[in-house]
Amino acid sequence: MLDRLQAQAPDALLALIKLYAADPRSDKIDLGVGVYRTNEGATPVFKAIKAAEQALIEEQDSKSYLGPEGDLGFVHALMPYIFGKDATMGGRIEGMQTPGGTGAVRLAAAVAKAAGVTRVHMGTPSWPNHAQIFADLGLELVAFTHATADGAADIEAVLGAIGDAQDGDAVLLHGCCHNPTGVDYTPDQWDAIADALAESPALAILDSAYHGLGLGLEEDAYGVRRVLSKLGEALVAYSCDKNFGMYRDRVGALYVLAKSADGLPPILSNLNALARANWSMPPDHGGAAVRLVLRNPDRTQMWLDELDDMRARMRRVRERLAAADNEVPGLGLAALADQHGLFAILPLSKEQIAALREDHAIYMAGSGRINIAGLHAGNTEKFIAALKAVTA
Ligand code: PMP
C-alpha cells in the first residue's frame, strides 16, 4: 500500500540548509533557517539554560512519566511573563506543556476542531506550517492580507476578516514578531482587534513564538493580554524555542482562557485526550530547564540579560538596513526599523534571490524572507552591496 504514496516536495528551507553547507565560499551568509545568531554567527546554548541544565542533573531523581500535561511547574512559571500580574485571570487560564510551539499550534487547532471549528481566518503570508497543520486536520483556511505594500499591518484586512467570521470559525493571530514579515500590530491596532474579537463569535487563537525578541517581554505581550482581557475564551500557543534558545529540545505550551474557572476542567480534559492521541506526553528536558531558569532569580536575570542582548543586536542590524534605504531603493528597507523580531520580507524576484545565492553566496528563502539575525557587523555591508548589485 505504501507504494501508492505520492512523493512530497522537500521542505524548501531544509533544502537551502544543505545547499549552504555545501558552498565552499568562506564569506557565505545564511539568512535562511529561523534561528538566532550571535555577532559570530553562532547559535549558542543560553548561559541561563546551561546553568539550569547543570542544576537539573543534580536535582532530577526520576525520569518516570509525568502525564500529557507535562511539567506544570514550567507551564505555570511562564504565565506571569505572558499574561501579567493576574496570570490566571481569576483562575480562568490554565495550560499544558507541548512539544514546541508546533505542538501547541497543533493542539490548539485540534481542540478548536473538536469544539466545532471548521474554518480558520489567518493573515498571509504566515509561518508555512500553520496552513499545513490546518490542512492535515481538515480545517479550511480563509486567508486575508497581513501586511500592506509599505510594510505596515493591514488593519482593515484583519478587522474585515474578524467582522466576517461566523460561529464555527477561528481567527489565528501572531502574538508578536510576525513570521515571515516582522510586521506587528501597534497597541492601538491591538485595541481595535480586541474590540472586534469581543463582538465576534469566532474563537481567537494567538500564536506567540518570539516573545521578548521584538520590543521587550512586556511590550511583546501587549496584544495577547489586550485580546484576552476582552474575551470570554481564547487559546494561546507559546514557544520557548527562540526566546530560550531551545529549538531542538522542543519546548512549548498551550494555554486556554475559559469563560469561568469552572469551565476549564472539561476543556483541559479534551486537551489531555488530544495530546494523548498525538504524542502522549511532551519531552521533559527543555521544559524542566526553563522551569529551573524561571524559579531561580540569578538564572532569570541571566536569561533577561541574554534576551536584551539578542534584541539589541537585531535592532542594530535593522537600523543599519533601514539606513541603506537610499543606497538600495525599491526594497522598502526603511520600514525594517519599525518591524520586529527575526524576520523581514524583501520584495526580490526569484532571479534576484538566485543571483544573491550564486554570485554572492547569500542564502535566503524563495519568499524573500531574511533572518535578520543572520546579519552582523562583519557581513551586513557585504549584504547591502550585494542587494545593490542584484537590484541595479
Ligand atoms: N509559530 C510560529 C509563528 C513560528 O514561527 C514557529 C517556529 N518557527 C512556531 C510557531 C513553532 O515553533 P517551535 O520550533 O517551538 O515548534
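How far apart do the C-alpha centres of domain 1 and domain 2 lie? They lie 28 Å apart.

Some ground rules. This is a predicted model: local features need pLDDT of at least 70, side-chain atom pairs count only at pLDDT 80 or more, and totals for chains, interfaces and linings use all residues. Residues are numbered from 1 along each chain as its sequence is written.

Now the domains. Domain 1 covers 11-44 + 311-387, and domain 2 covers 65-295. These bounds come from an automatic or database domain assignment.

Next, their contact. Domain 1 gives 16 residues and domain 2 gives 18. In contact means C-beta atoms, placed from the backbone, within 7 Å. On the domain 1 side, the largest share is three residues from strand 9, residues 343-345. Strands here are DSSP runs of E, at least two residues, and helices are runs of H or I, at least four, numbered from the N terminus.

Finally, strand 2, residues 93-99. Is strand 2 buried or exposed? Seven of its seven residues are buried, that is, 20 or more other C-beta atoms, placed from the backbone, lie within 10 Å of their own. Strand 2 pairs with strand 8, residues 251-257, antiparallel, over seven bridges. Pairing takes at least two DSSP bridges. Gln 97 has Ala 253 of strand 8 as its bridge partner.

Methods:
Two residues are in contact if their C-beta atoms, placed from the backbone, lie within 7 Å. A residue is buried if 20 or more other C-beta atoms lie within 10 Å of its own, exposed if 12 or fewer, and partly exposed in between; C-beta atoms are placed from the backbone.
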